[in-house]
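Me: I have a new structure to read and would like to learn how its features are described. Could you take me through it step by step?

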Amino acid sequence: MTPLQFESQYAPFWQELELALDRAEKKALPKKKNEPKAGNPQAKPPPLDGARLAELYRRSCEHLALAQARAYPIHLTQRLESLTQRAHRLIYRRHDYGLARLKQLVLVDFPQSVRAHRWYLLAATLLFAVPMLAAGWATWRDPGFILHLADAQQAQEFDNMYDEGARALGRSRDASTDWQMFGFYVMHNIGIGFQCFAGGLFAGIGSVFFLVFNGVQIGGVAGYLTARGHSENFYSFVVTHGAFELTAIVLAGAAGLRLGHALLAPGRHTRLEALKRAARDTIVVVYGVIGMLLVAAAIEAFWSSARWIAPGVKYGVGGACWLLVIAYLGWQGRPRTAEGAADAG
Amino acid sequence: MSLDTLYTAETPEGIALSLRPAGVVPRVLAYGIDLGVRLGIYLAATLLALPFGGMGRALLLVTYFLLEWFYPVIFELTRAGATPGKRIFGLQVVMDSGLPVTPAAALTRNLLRTADFFPFLYAFGAVSMLLRRDFKRLGDLAAGTLVVYSDNVALHGELPSAAATAPARALVPREQAAIVAWAGRASRLTPARLDELAELARSVTPAQPGDATQRLLGVAQWLVGRRGGGSP
């Protein structure tokens with residue numbers, strides 16, 4: 001078969017596929033729906049037939065393979081190639097997004113993914129908690145130790161934030177409203193979470209660094225304030241949102257450690273493939289981290305800083321939040337029965 | 001090894017699709033434009049938010065956060081698959097399977113921007129892009145994404161018309177393909193260059209009237225199946 005015969009024989013298929021693709025792509029982009037083809041007499045064709053589209057796609061694949069193998073003129077091959085490419089994008093695109101997907105993520109995927117990374121979570125928790133306790137102990141023994149972590153002015157500011165006279169807890173005097181602090185917490189804390197994750201790309205060193213660094217900072221401030229006698233103000237402030245915030249930071253760090261581990265010990269994959277798989281698995285954890293840090297920012301701005309709530313109430317609610325978070329990560333989304341596990345697997 | 005940087009993605013049907021990855025320069029320029037756009041949005045938001053006090057400042061901080069981390073994610077998930085800057089330079093983010101980018105991949109590649117930025121001014125990202133044939137930065141490597149030119153360049157057009165003539169000797173498939181490809185590029189080459197190339201194939205063209213270009217175009221027409229004056 002000569003190229004010309006080939007073209008004239010199959011051109012009708014290609015045109016049909018082209019039309020179908022034009023329509024399908026326009027349907028996905030409703031703005032331009034009635035813009036082109038307004039003057040076309042065939043403006044109201046029958047609804048798009050998925051089976052026909054798939055058939056046309058397979059035909060165009062076949063034609064492309066033939067054209068390439070027989071070294072047909074390049075303009076012909078290119079036309080088929082771009083046609084096949086468009087159809088490929090359309091047919092294999094994912095479209096299971098939306099609320100159902102979000103529900104699945106919150107109720108099943110995120111807690112399951114966290115449990116799948118439990119050893120990374122343990123490592124991240126230790127990397128965070130041990131420096132935190134050590135720094136806390138050091139500044140509690142000797143409040144002057146805080147000057148290794150912050151300068152004198154900042155230490156003064158910590159004092160002011162949790163002073164008995166402070167109008168709202170946990171913020172310096174010039175930062176005004178709850179809303180502003182909410183914005184600040186969103187920006188600042190989620191940023192830290194993302195850094196803990198992204199740092200994993202440097203063989204995990206970045207994640208380790210950010211976990212240890214944040215642990216030392218938080219522990220140092222906590223120990224300092226305890227030693228200065230602000231413990232009730234401080235702990236009643238942090239207990240509630242800490243349940244979400246500290247957990248989320250550790251989770252982000254665990255996700256980063258997984259990335260680093262994939263690069264260092266790729267197992268039976270190439271390093272690149274291992275990294276891709278690790279990123280695909282851990283991004284689910286990162287979704288959860290974002291959600292938890294948003295919750296934490298809202299609590300921190302509107303609940304934790306409120307002076308009118310008695311510390312006892314805050315401890316109660318805070319304890320409940322810790323239990324809630326641990327129970328959620330530990331048990332939510334487990335298959336109910338053995339058959340359920342088989343289905344999920 | 002071929003000189004061009006075409007990236008081949010295989011479909012489940014066993015078809016190889018070629019994508020054209022975009023290099024450092026257009027991506028840096030696109031990033032610059034995006035930076036400008038983000039700055040513009042931020043300034044506009046500042047002007048709008050200032051009269052609202054604390055609430056306004058909250059919105060401003062959230063806006064800043066969203067612009068910093070989610071501006072590229074949101075734009076890459078639109079149909080164009082590109083931020084405004086990328087769109088200006090005709091770029092697009094796709095999965096390395098040639099499919100539209102998924103939300104998970106878009107988020108991954110943009111969160112890992114931090115690693116690409118390290119230690120300053122995207123140094124790691126730039127090194128990674130320069131070392132690889134497919135110009136992936138670290139975020140692209142982990143997410144399995146690729147920044148490509150969204151349009152294909154058509155270097156080859158229809159064959160120019162000429163009276164079909166049989167070649168003087170039997171041609172092997174490689175020679176046939178070369179002659180047809182030469183004819184397909186006729187619209188992009190200068191007549192002089194076209195003629196120069198045609199001279200190289202002198203052994204193929206029978207001694208007929210007309211210059212070398214016309215005779216070889218005739219052979220090309222003959223090769224794609226045209227006989228005599230007209231129809232295939």
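This is a predicted model: local features need pLDDT of at least 70, side-chain atom pairs count only at pLDDT 80 or more; totals for chains, interfaces and linings use all residues.

Me: How do I describe the way in which α5(A) and α9(A) cross?

Reply: Two packed helices are described by the angle between their axes, together with the distance between those axes. Here the helices are α5, residues 118–141 of chain A, and α9, residues 231–264 of chain A, whose axes come within 8 Å and cross at roughly 120 degrees. The two helices α5(A) and α9(A) are therefore oblique to each other, and their crossing is right-handed.

Me: How many helices and strands does chain B have, and how spread out is chain B?

Reply: Chain B has 11 helices and four strands. Its radius of gyration is 26 Å, well over the 17 Å that the globule rule gives for 232 residues, so chain B is more spread out than a compact globule. Taken along the principal axes, the C-alpha atoms of chain B fill a box of roughly 85 × 35 × 30 Å. Of the 232 residues in chain B, 38% count as buried, and residues 24 or more positions apart account for 61% of the contacts in this chain with a separation of 6 or more.

Me: Which residues of α5(B) are buried?

Reply: Helix α5 of chain B, residues 103–111, is mostly covered, with seven of its nine residues buried. These buried residues are Ala105(B), Ala106(B), Leu107(B), Thr108(B), Arg109(B), Asn110(B) and Leu111(B).

Me: Why does Arg38(B) count as buried?

Reply: The idea is to count neighbours, with 20 or more other C-beta atoms within 10 Å as the cut-off for a buried residue. Arg38(B), which lies in helix α1 (residues 24–49) of chain B, counts as buried because it has 20 C-beta neighbours inside 10 Å. Leaving aside its neighbours within four places in sequence, Arg38(B) is in contact with Leu67(B) and Tyr71(B). Although Arg38(B) and Leu67(B) are 29 residues apart along the chain, their C-alpha atoms are separated by 6.4 Å.

Me: How many residues does each chain bring to the contact between chain A and chain B?

Reply: The size of an interface is often given as the accessible area lost when the parts come together. Here we can look at residue counts, for the contact takes 52 residues from chain A and 49 residues from chain B. On the side of chain A that touches chain B, the elements giving two or more residues are α1 (3–27), α2 (50–69), α3 (74–92), α7 (178–198) and α10 (271–304). The largest share of that side, 12 residues, comes from α7(A), and the residues of this side of chain A divide into 29 nonpolar, 16 polar and seven charged.

How values were computed
Residues are numbered from 1 along each chain as its sequence is written. Chains are lettered from A and ligands numbered from 1 in the order in which they are written. Two residues are in contact if their C-beta atoms, placed from the backbone, lie within 7 Å. Ala, Val, Leu, Ile, Met, Phe, Trp, Tyr, Cys and Pro count as nonpolar, Asp, Glu, Lys and Arg as charged, and the others, Gly among them, as polar. The radius of gyration is taken over C-alpha atoms; the globule rule is 2.2 Å times the number of residues to the power 0.38. A residue is buried if 20 or more other C-beta atoms lie within 10 Å of its own, exposed if 12 or fewer, and partly exposed in between; C-beta atoms are placed from the backbone. Axes are lines fitted to C-alpha atoms, for helices over the stretch in contact, and angles run from 0 to 180 degrees between N-to-C directions. Angles under 35 degrees count as roughly parallel, over 145 as roughly antiparallel, 65 to 115 as roughly perpendicular and the rest as oblique. A crossing is left-handed if the near helix is turned anticlockwise from the far one by less than a right angle, and right-handed if clockwise.
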